[in-house]
Amino acid sequence: MGDAMNGMGRWAMAASMAAVLGVQAMGQQAAEVQTAPIVKRVIVVSLEDKKLALVEDGQVKKVYAVAIGKPSTPSPTGTFMIARRVKNPTYSHNGKTVLPGPGNPVGTRWMGLSIKGYGIHGTNEPKSIGKAASHGCIRMAKKDVEEMYAMVSVGDTVELVGQHDEETAELFGGDQKPVVAGAQEPVVTASVTSAPTTLTTEAATEGVAVTANR
């Protein structure tokens, strides 16, 4: 009986030690999660350059050529955020619906902004990239939009800049262009104040309809 009790005591002690070590390990993992660095990600679109820069923690990660809004339907300017991410979206606008596929006007990826109807997306008109050709959205080539989509998240900041400034000159090269009255035509953009938007996670969003100006 004594040997049995001693055996049970040893087992209980071993179990207690295992529990303590387990709690310590969990605490260490929690600490590691809590101290994980938060990446500050900003997407900067220069409407004048027709380029987009993905910036992480102040460093340019990638630069892409894009299409922007044409003069009659200009892209908005201002600071927004990615409110929604959708793979293979169904396009919907003014009663028109286009299912996912090669003919979809917003391509294979949609990153909706915190301003209704506007987003960064693919296109079924790849020749429009590098031009002022959209209805206000930012278009990207298929390969580019799919690559960037995988690197960004809901809540990331998006800056749409109308004219060259120090930031765009640093990001995209070239000197800042001074604005002199009568010397050049300014880029025509629409400054829009965005309404509060509910951020949507990607879960269960593949193939869902998006309403876009494209």
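A: Helices (H or I, at least four residues) and strands (E, at least two residues) are runs assigned by DSSP, and they are numbered from the N terminus. Residues are numbered from 1 along each chain as its sequence is written, and side-chain values use heavy atoms, with hydrogens and water left out. This is a predicted model, in which local features need pLDDT of at least 70 and side-chain atom pairs count only at pLDDT 80 or more, while totals for chains, interfaces and linings use all residues.

Start with the loop between α1 (residues 2–34) and β1, where I38 is found. I38 has a relative accessible area of 78% and counts as exposed. On this scale, buried means under 20% relative accessible area, exposed means over 50%, and partly exposed lies in between, with a 1.4 Å probe and protein chains only. In sequence, I38 and D57 are 19 residues apart, and their C-alpha atoms are 9.1 Å apart in space.

Next comes the pairing of strands. Two strands pair if DSSP finds at least two bridges between them. Strand β1 (residues 41–46) runs parallel to strand β12 (residues 157–161), and five bridges join the two.

In the loop between β1 and β2 (residues 51–56) lies K50. Its phi is positive, about 60°, although K50 is not a glycine. K50 is partly exposed, with a relative accessible area of 23%. In the loop between β5 and β6 (residues 90–93) lies N88. N88 is likewise not a glycine, and its phi is positive, near 45°. At 27% relative accessibility, N88 counts as partly exposed.

G130 touches K50, V66 and A67, leaving aside residues up to four places away in sequence; contact means heavy atoms within 4.5 Å. G130 is found in the loop between β9 (residues 119–121) and β10 (residues 132–134). Its relative accessibility is 37%, so G130 counts as partly exposed. G130 and I68 are 62 residues apart along the chain, yet 7.8 Å separates their C-alpha atoms.
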